[in-house]
Amino acid sequence: MRHVESMTLFEQGDHKYVMLGWEEREEEVAVQTNQYVIASGGEVILLDPGGAHVFPRVLANVAELYDLKDIRHIFYSHQDPDVSSGITLWLSMAEKAAVHISELWVRFLPHFGIYDAKRITPIPDKGGTISLSGGRKLSIIPSHFLHSTGCFSLYDPVSKILFSSDVGAAIFPRGGRYPVVEDFDSHIKHMEGFHRRYMGSNAVCRRWVRRVSELDVEHIAPQHGAFIKGRENVKKFLSWFENLACGSDILDDIYGR
Ligand code: FE
């Protein structure tokens, strides 16, 4: 079984963006997931660190790189189990971390065993920012209905990496997973089925593309699948995504009649 090491996606001074490694056996029973860590000015930010299924591996990966007490923020793009169900585990390990999640999902968190509202920062529908030490800011960009009702991407203006959550996801056949997109055109086949069924509608895809096109995006980091590296691939992805028929556009395909 394959083991893939964590990979540095960007590094400049005290600012670093890491894609954590993974074990192929994680995929035997569960959907493949990616976790990312931003370290900036001595603060550590976890992006969609996941649930119980990957927790021991993600914890080991993070602890190998950083002191857990330096984790200041945990960003949850949405409420799905593969994204956020490890929240109680993470809040006990990362004692200084604040959780950022859509305001729509905050009242659902007690069902995960979270009652301490002081540690939760609800994200309003229109998005916002996460302020880091040294005046840096991460921008929280709405991605509602792509696929969750309350859902966000996270843009880091230093690395110019857009963490896109389920947008840009790919699902590989067993043993066929790769961490970075080499050839976008042949990568589409791994993205298509997922996006057609999980994403809300083409109107929302277009809306999101319009919004992120205002940003200077060099790479896209999705929560499943492979890192979309370089402006050329980002451009190809955005034009594929804004023309995708999905969700409520294809109700006949989904419902059958
Ligand atoms: Fe999801």
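A residue counts as buried when its relative accessible area is under 20%. Ala226, at 0%, is therefore buried. The model discussed here is predicted.

- Ala226 sits in the loop between strand E14 (219-222) and H6.
- Its relative accessible area is 0%.
- Setting aside residues up to four places away in sequence, Ala226 touches Asn34, Phe172, Tyr178, Pro179, Val180, Val181 and His187.
- Val181, one of these, is 45 residues from Ala226 in sequence. In space the two are 5.7 Å apart, C-alpha to C-alpha.

**Aromatic rings**

- The count of aromatic pairs is 11.
- In one of them, the ring centres of Tyr36 and Phe163 are 5.6 Å apart. Their planes meet at 65°, and an angle over 60 degrees counts as edge-to-face, so this pair is edge-to-face.
- Tyr36 belongs to strand E5 (residues 36-40), and Phe163 to strand E13 (residues 161-165). The pair links distant parts of the chain, 127 residues apart.
- Both partners are shielded: Tyr36 is buried at 1% relative accessibility, and Phe163 is buried at 0%.
- Phe55 and Trp90 form another aromatic pair, also edge-to-face. Their centres are 5.0 Å apart, with 75° between the planes.
- Phe55 lies in helix H1 (residues 55-65) and Trp90 in helix H3 (residues 87-93), so this pair ties together parts that are 35 residues apart in sequence.
- Phe55 and Trp90 are both buried.
- One aromatic cluster is made up of Phe184, Trp208, Phe237, Trp240 and Phe241.
- A charged side chain also meets a ring: Arg177 lies over the face of Trp22, 3.7 Å from the ring centre.

**Helix H5 and its two sides**

- Helix H5 spans residues 202-212. Its buried residues are Asn202, Val204, Cys205, Trp208, Val209 and Val212.
- Why do these residues share a side of H5? They cover an arc of only 160° around the axis, which puts them on the same side.
- An α-helix has 3.6 residues a turn, so residues three or four places apart point the same way.
- Ala203, Arg207 and Arg210 are exposed on the other side of H5.
- What covers the buried residues of H5 includes strand E11 (137-142), strand E12 (152-156), E13 and helix H6 (231-242).

**The largest pocket**

- The largest pocket has a volume of about 250 Å³.
- Which element gives the most to its lining? H5 does, with 5 residues.
- Among the lining residues are Val204, Arg207, Trp208, Arg210 and Arg211.
- Pro142, Ser143, His144, Phe145 and Leu146 also line this pocket, as does Glu214.

**Asp156**

- Asp156 is in strand E12.
- Is Asp156 buried or exposed? Asp156 is buried, with a relative accessible area of 1%.
- Leaving aside neighbours within four places in sequence, Asp156 is in contact with His15, Tyr17, Ile38, Leu138 and Ile161.
- Asp156 and Leu146 are 10 residues apart in sequence. Their C-alpha atoms are 20 Å apart in space.

- The peptide bond from Leu146 to His147 is cis, with omega near 0°. His147 is in the loop between E11 and E12.
- Phe145 is in the loop between E11 and E12. Phe145 has a positive phi of about 70°, although it is not a glycine.
- Phe145 is partly exposed, at 44% relative accessible area. Phe145 is also among the residues that line the largest pocket.
- Lys160 has a positive phi near 60°, and is a residue other than glycine.
- Lys160 lies in the loop between E12 and E13. Its relative accessible area is 24%, and Lys160 is partly exposed.

Technical notes: Residues numbered from 1 in each chain as written. Predicted model: local features only at pLDDT ≥ 70, side-chain atom pairs only at ≥ 80, totals over all residues. Heavy atoms only, no water. Phe/Tyr/Trp six-rings, centres within 6.5 Å; stacked < 30°, edge-to-face > 60°. Helix = DSSP H or I, 4+ residues; strand = E, 2+ residues; numbered from the N terminus. Buried < 20%, exposed > 50% of the residue type's maximum accessible area, 1.4 Å probe, protein only. Lys NZ or Arg CZ within 6 Å of the ring centre and 35° of its normal. Arc of directions from axis to C-beta. Contact = heavy atoms within 4.5 Å. 1 Å grid on protein atoms, 1.4 Å probe; cavity = no way out; pocket = protein on both sides within 12 Å on 5 of 7 lines; lining within 4 Å. Points joined across faces, edges and corners; volume = space filled by probe spheres on them.
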